[in-house]
Amino acid sequence: LPKIITLTTDFGLKDPYVAEMKATILSICPTAAIVDLTHEIDKFNVRMGAYMLASAVPYFPKGTIHVAVVDPDVGTERRPLLIQTKQGFFLGPDNGLLVLASEKQGVVVAREITKRKLMLPEVSSTFHGRDLFAPVAAHLATGLSPSKVGPEVKNLIKPVFAKIRRLGNELEGEVLYVDGFGNVITNVSNQEIADLHLGDTVALELHDCMLKLSIGKTYGETKLKQPLALIGSHGYLEISVNQGNAAELFKAKIGDKIRFTKP
Amino acid sequence: LPKIITLTTDFGLKDPYVAEMKATILSICPTAAIVDLTHEIDKFNVRMGAYMLASAVPYFPKGTIHVAVVDPDVGTERRPLLIQTKQGFFLGPDNGLLVLASEKQGVVVAREITKRKLMLPEVSSTFHGRDLFAPVAAHLATGLSPSKVGPEVKNLIKPVFAKIRRLGNELEGEVLYVDGFGNVITNVSNQEIADLHLGDTVALELHDCMLKLSIGKTYGETKLKQPLALIGSHGYLEISVNQGNAAELFKAKIGDKIRFTKP
Amino acid sequence: LPKIITLTTDFGLKDPYVAEMKATILSICPTAAIVDLTHEIDKFNVRMGAYMLASAVPYFPKGTIHVAVVDPDVGTERRPLLIQTKQGFFLGPDNGLLVLASEKQGVVVAREITKRKLMLPEVSSTFHGRDLFAPVAAHLATGLSPSKVGPEVKNLIKPVFAKIRRLGNELEGEVLYVDGFGNVITNVSNQEIADLHLGDTVALELHDCMLKLSIGKTYGETKLKQPLALIGSHGYLEISVNQGNAAELFKAKIGDKIRFTKP
């Protein structure tokens, strides 16, 4: 069966960079089935990339290889990673991009990719997507043992967006993403909400605004143009407005802090 | 041989929704060849989706499975359909999205998709593309008999854009699509034009404007910057301007009514 | 092993034209692996298409078939070409689109595609991408001998951007492309720069501006926000600004003339 390799980047589809990654993969593993997850991550927006990846990976079959490149520090000391999980593999920079998706699947072991001969003969300092991550992913797809890519590493970078702070009865999270419908997706998971024992309402503070929202399951559970909180299909709490735009209403954007308390 | 599954949606390529549909398909049918028809349908614009689908499907080989999701009423009572034609299969909502393409190919039988176990374990009320249409398409690609998806249905929704009104020597149609060059594509087919016995000119009324146009075969048949009517490569009458922009000239947009008469 | 066919066009991804090309290919060669190089070439911008193609093709395996369609003169006398190189095949119009990429690989023979029965039954005058280039590429992928497509031709069109003018110690080139980071990519290759024996600085004239730049290898070799010249990863000299936007700074756009001299 063809091995699936997914690609998530901030390269866009105008420049031929994504095609160069695919060319590199197919040169090594001609039968790979390559799936674009998205290439429209906002430039250098690691948290948006992390969210997109975490959203989509549960739908892929076991053994899928995910390559993600949102990499503002390419060419510096930041480590190139291969993370093996209970469901598959993640390749990308050690900057938090892989953390939400890989932790969701259960991390088995993380390795720094150091084996030079698995990469392209010339590794540019600006395009590890093509020169390093794509070829290593393709070698994995052809059956390379993950242990051959380099040594096990600990202490992966865990950025602020991957650390919910809990202070007594309060959670401090942030906006991970605003989707095309204006839904404000936070980094607070359904598990963390459950741990707060909120019942069916939550109080939240966003900018200078205090809101008391009921926690629903579908957009239709509140009145037209009224806001509600709900656990989205990807397991994160989101703020929505029934047939309206929550991001506009609350002037929320990616990275904004949100505080959750029991009303 | 790999089965072809095409995808037509209004999801865009920024969000990972299209990738989630592909992940679902490949989880069930790992050898499917998935082809993006387009994901840039204007949000909820069923007639634009219907036109795009009808344009492109004639080029696909017999047996191709087409999944189309422009679905403003997802989560309501609207029926999810599988339409079997003489050339292939169409899956999508019963809102007219599939009507132009499937009638062009010759409908054999239409079914409502009801078989729960062919869908994803959890079917959200907002994303039938991933949870219902993608998995059923993938099961068809692996050889499932179409009769297993659910009962035969009649009286499919036929929206206004799929019903040309003929009143004596007049046709009333509308604008299906305005392409990137400003060509105004109508829902009037070459057959319907032939039935009017127009000869080589047509009179048409668009907004408050009366036009008498010659019916040509190529853009070059009229003078530079002059309008003409022609039967486009997809079999619909379109209004064009030789090296100009007909939509701008006539202020035409998707959904506008057009009346055709013999001059 | 599946044959790779790449597609480079100025069609965009909104209209279903790219899907129609893929449908045509898969109808003839169901096992082809189709890779989108890019479809976001600026409309009719042949030099931008030529650059994109030349950038990406070195990463594809030997035997890859590249179809490129930026074709302002479709429907006129311009010749449809198949160029066989030492590394693969190029199909596209004879307008210079294929010249940079095919010369980089070493041209073996160029042919005019004339064999009518290799094309679609109906060849429109506006869409040779679907009706002519896609089916011929697919036939090649199934094993057709290249000599069967038509007679050998000489004197391919070589547009201004493919001819560097050297006058003594001066080179006259032009801007091929401005990438998303504002890097100004010229048509002057590393070989041509080497032939000038410039040492480590170059003087260049762009609009009314005279610049003396050091020639570096990476963006980091100059101070923050300072310009430098470097040989990009695709072998062409580019003008960059360390963490800045060279195109904005120098008001450079595609097609602008640049003169290079020894300082």
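These are my notebook entries on two chain interfaces and one residue of this structure.

**Entry 1, ground rules.** I am reading a predicted model, in which local features need pLDDT of at least 70, side-chain atom pairs count only at pLDDT 80 or more, and totals for chains, interfaces and linings use all residues. Residues are numbered from 1 along each chain as its sequence is written, chains are lettered from A and ligands numbered from 1 in the order in which they are written, and side-chain values use heavy atoms, with hydrogens and water left out.

**Entry 2, chain B against chain A.** I looked up the contacts (heavy atoms within 4.5 Å) and found 20 residues of chain B touching 25 residues of chain A. The buried area, meaning the accessible area (1.4 Å probe) that two parts lose on being put together, summed over both, is about 1700 Å² here, with carbon and sulfur atoms giving 69% of it. On the chain B side, the most area is lost to chain A by Lys14(B), Pro16(B) and Leu26(B), which together account for 26% of what that side buries.

I then looked for salt bridges (a side-chain nitrogen of Lys or Arg within 4 Å of a carboxyl oxygen of Asp or Glu), and the count between chain B and chain A is 1. Lys14(B) pairs in a salt bridge with Asp42(A), and their closest N and O atoms are 3.7 Å apart. Helix H1 of chain B, residues 17-28, gives the most to the side that touches chain A, with 8 residues; helices are DSSP runs of H or I with at least four residues, strands are runs of E with at least two, and both are numbered from the N terminus.

I repeated the search and found 20 residues from chain C in contact with 25 residues from chain B. The area buried between chain C and chain B is about 1700 Å², and carbon and sulfur atoms give 69% of that. Lys14(C) forms a salt bridge with Asp42(B), at 3.7 Å between the closest N and O atoms.

I found Ile5(B) in strand S1 of chain B, residues 4-9. Ile5(B) counts as buried because its relative accessibility is 0%, the term meaning under 20% relative accessible area, with exposed over 50% and partly exposed in between (1.4 Å probe, protein chains only). Leaving aside neighbours within four places in sequence, I noted contacts of Ile5(B) with residues including Ile25(B), Ile34(B), Val67(B) and Ala141(B).
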